[in-house]
Amino acid sequence: MNNGTTTIIAPPKPLLDESQQACVEVLSDALEEAMKGRISAVAIVVCMNDGIGTNMAGKNGLALNMGCDHLKNQIHAAI
């Protein structure tokens, strides 16, 4: 029996695969550290279904560059 109210059923959120869950965890951890004031600069590369995106913030260019070199070495070792 309907008492005049309408119920809207939202579609379920898409399930994240293991790789996507790992991405969310890394981003959540970084956000938590940034909110505590422990991060002074950040650079990010994201790989999406339709391309890549990059962005950065902060003023510690030397450390960002060193971090990017370290990350690039990790990527090369993994492929």
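**Ground rules.** I am working with a predicted model, in which local features need pLDDT of at least 70, side-chain atom pairs count only at pLDDT 80 or more, and totals for chains, interfaces and linings use all residues. Residues are numbered from 1 along each chain, and side-chain values use heavy atoms, without hydrogens and water.

**Fold.** I counted 2 helices and 2 strands (DSSP runs: H or I of at least four residues, E of at least two, numbered from the N terminus). Along the sequence I read α-β-β-α.

**Overall form.** I looked up the C-alpha box along the principal axes: roughly 65 × 35 × 20 Å. I found that 3% of the 79 residues count as buried (under 20% relative accessible area, 1.4 Å probe, protein chains only).

**Helix α1.** I noted 18 residues in α1, with 26 Å from first C-alpha to last, close to the 26 Å expected (1.5 Å times one less than the number of residues). At its start, a side-chain oxygen of Asp17 comes within 3.1 Å of the backbone nitrogen of Ser19. After α1 I found Gly37, with a positive phi near 80°.

**Largest pocket.** Its space is about 1,100 Å³ (filled by probe spheres set on grid points, which are joined across faces, edges and corners). A pocket here is an open set of points on a 1 Å grid where a 1.4 Å probe fits, with protein on both sides within 12 Å along at least five of seven lines; lining residues have an atom within 4 Å of a point. I found 30 lining residues, with Leu27, Ala43, Ile44, Val45 and Val46 closest to the centre. The largest share, 9 residues, comes from α1.

Definitions and conventions
Polar contact = N/O pair within 3.5 Å; in protein donor to acceptor, adjacent residues only side chain to side chain. Buried < 20%, exposed > 50% of the residue type's maximum accessible area, 1.4 Å probe, protein only.
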